[in-house]
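Reader: Hey, can you walk me through this one? I'm new to reading structures.

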Amino acid sequence: MELRHLRTFRVVARTLNFTRAAAELHYAQSSVTEQIQALEAELGSQLFDRATRKLTSAGERLVGYADQVLELVEEAKAAVEEERGEPDGELTIGALETLCTHWVPPILGAYRTRWPRVRMSVKEGGRGELYRGVRESEMDVCFTFGTPPDDPAFASRTLGVVPLVVIAPPGHPLADKEEIRPDDLRGVGFLATPQGCGFREMLDRIDGPVVDTEVGSLAALGRCVAAGLGCGIVPALVDHPGAVAVPLAGQATDVTLTWRRRDEHKPSVAALLATAGGDVRV
């Protein structure tokens, strides 16, 4: 039973979509299909019901075992790396798009200078996707805004604080202010990302703004603000061409690094934690 087949099976079992799994794994869809078929042939059981796009009972049983096998493989790799004492192998880093652009590069540059033997892979994603990736060992660490979920498997570190700003269309009354207070936002129409998004939480915790338009991404939000559809609240790091940014008094968000607690002694992870700095939250 090949490990790559188990890894592919686990992603397909989670997404229940061969096309989505192929994109996530950076495989051709035909390769995903072939790997699942090879696994089914070896086990002598069908793992997916193609008609309903659900796991069969055999597939549901295999999920737990696949997780255990792959976790044991990661532990074995970490143990060998720890014995060697010097970071080596691969390190997969997840980050929000904004942090990939403005926060993560200097940290990874310093890391590469100190530990050139580590092969790094950087993946962008939404906050929920990043935490899931760390939880399921698809990523070693992730950089996000805000506090991570209360999960006993996680440890985290606050790397810094980024002020929040209101972005407004040119000519909007808020665009002329030097600083905006939460009371100034009462009744003002705002654009927001969907519920469950970390950026939406930043807006929802402030009493006053009226969300009258939802958009799918920060990039779309910035363009819609510049086009005059309303205002938005974002971290000061976010690019917003064509919109005016005004500081929002007393409001900020943490930049957080999160990892699996059991991996913190793995040399490649420990070296990244040392490079990133910040205050540990356990």
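Reader: Which residues in α1 meet residues in α3?

Author: Arg 4, His 5, Leu 6, Thr 8, Phe 9 and Val 12 of α1 meet Val 32, Gln 35, Ile 36, Ala 38 and Leu 39 of α3; contact here means heavy atoms within 4.5 Å. Before we go on: this is a predicted model, where local features need pLDDT of at least 70, side-chain atom pairs count only at pLDDT 80 or more, and totals for chains, interfaces and linings use all residues. Numbering starts from 1 along each chain as its sequence is written, and side-chain values use heavy atoms, with hydrogens and water left out.

Reader: OK, and at roughly what angle do the axes of α1 and α3 cross?

Author: Roughly 110 degrees, with the axes coming within 9 Å (axes are lines fitted to C-alpha atoms, for helices over the stretch in contact, and angles run from 0 to 180 degrees between N-to-C directions). That makes α1 roughly perpendicular to α3, a label for angles of 65 to 115 degrees.

Reader: New topic: which residues touch the most other members of the largest nonpolar core?

Author: Phe 143, Val 166, Leu 185 and Ile 233, out of 61 residues in that core. A nonpolar core is a set of buried Ala, Val, Leu, Ile, Met, Phe, Trp, Tyr and Cys residues joined through side-chain atoms within 4.5 Å, and buried means under 20% relative accessible area (1.4 Å probe, protein chains only).

Reader: Which strand gives the most to this core?

Author: Strand β6, residues 154–168, with 9 residues; strands are DSSP runs of E, at least two residues, and helices are runs of H or I, at least four, numbered from the N terminus. Apart from this core lies another, of 16 residues, including Phe 9 and Val 12.

Key. Buried < 20%, exposed > 50% of the residue type's maximum accessible area, 1.4 Å probe, protein only. Parallel < 35°, antiparallel > 145°, perpendicular 65-115°, else oblique.
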